[in-house]
Amino acid sequence: MRPTPNPRVEPYRVKRGRYAGAIGNNGAFLIPGPDHGKLLYLIVSDGGEWEHVSVSKKGAVIPSWDEMSFVRHLFWEPEECVVQYHPPQSRYINIHPGVLHLWRPIHRAIPMPPLEFV
């Protein structure tokens, strides 16, 4: 994850309310998306040996690929692998239907398929 404070997102930090935070990457951010019209609401954490960003928009509108890619590049370096999991059905939790998540383990590499398979 990019070093903190991250100047690309720090101006958009939520400073009041339940998810307000001022420690490192942890906290909430309300940031203009890549189209500069729709705000993205991000909840960020880097505890429990995982880096995580949840991404949502007003209403239950699912973030687009471009919006998820935009967020990915705000928080992680270009050569870091970041994933969006589709867990087994028995472990699926859906608290909000319009939220997608990006994950990266802190102390281990994410396995990736051979380049020629992609």
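Trainee: Which residues does V14 touch, not counting residues up to four places away in sequence?
Mentor: The model is a predicted one. V14 is found in the segment before β1. Its contacts, not counting residues up to four places away in sequence, are A20, G21, A28, F29, L30 and Y41.

Trainee: How far apart in space are V14 and A28, C-alpha to C-alpha?
Mentor: A28 is among the residues that V14 touches. The two are 14 residues apart in sequence. From C-alpha to C-alpha, the distance between V14 and A28 is 5.3 Å.

Trainee: Is V14 buried or exposed?
Mentor: The relative accessible area of V14 is 18%. Buried means under 20%. V14 therefore counts as buried.

Trainee: What is the order of the strands in the open sheet?
Mentor: The open sheet has four strands, with antiparallel pairing. β1 (27–32) and β4 are the edge strands, as each pairs on one side only. The twist from one strand to the next averages 20 degrees. The order is β1-β2-β3-β4.

Trainee: Which residue in β3 is the bridge partner of S45?
Mentor: β2 and β3 run antiparallel and are joined by five bridges. For S45, the bridge partner in β3 is H52.

Trainee: At about what angle does α1 run to β2?
Mentor: Helix α1 covers residues 65–75. This helix lies across β1, β2, β3 and β4. Its angle to β2 is about 45 degrees.

Trainee: Which element gives the largest share of the lining of the largest pocket?
Mentor: The largest pocket has a volume of about 980 Å³. Of its 25 lining residues, the closest to the centre are H52, I93, V99, H101 and W103. The elements that give two or more residues to this lining are β2 (39–45), β3 (50–56) and β4 (100–105). The largest share, five residues, comes from β3.

Trainee: How many nonpolar residues does the lining of the largest pocket have?
Mentor: By class, this lining has one charged residue and eight polar ones. The number of nonpolar residues is 16.

Trainee: Which helix gives the most to the lining of the second largest pocket?
Mentor: The second largest pocket has a volume of about 220 Å³. Its lining consists of W65, M68, S69, R72, H73, V82, V83, Q84 and L102. By class, these are five nonpolar, three polar and one charged. With five residues, the helix that gives the most is α1.

Conventions:
Residues are numbered from 1 along each chain as its sequence is written. This is a predicted model: local features need pLDDT of at least 70, side-chain atom pairs count only at pLDDT 80 or more; totals for chains, interfaces and linings use all residues. Side-chain values use heavy atoms; hydrogens and water are left out. On a 1 Å grid over the protein atoms alone, a cavity is a set of points where a 1.4 Å probe fits but cannot get out, and a pocket is an open set with protein on both sides within 12 Å along at least five of seven lines; lining residues have an atom within 4 Å of a point. Grid points are joined across faces, edges and corners, and a volume is the space filled by probe spheres set on the points. Ala, Val, Leu, Ile, Met, Phe, Trp, Tyr, Cys and Pro count as nonpolar, Asp, Glu, Lys and Arg as charged, and the others, Gly among them, as polar. Two strands pair if DSSP finds at least two bridges between them. Axes are lines fitted to C-alpha atoms, for helices over the stretch in contact, and angles run from 0 to 180 degrees between N-to-C directions. Contact means heavy atoms within 4.5 Å. Buried means under 20% relative accessible area, exposed over 50%, partly exposed in between (1.4 Å probe, protein chains only).
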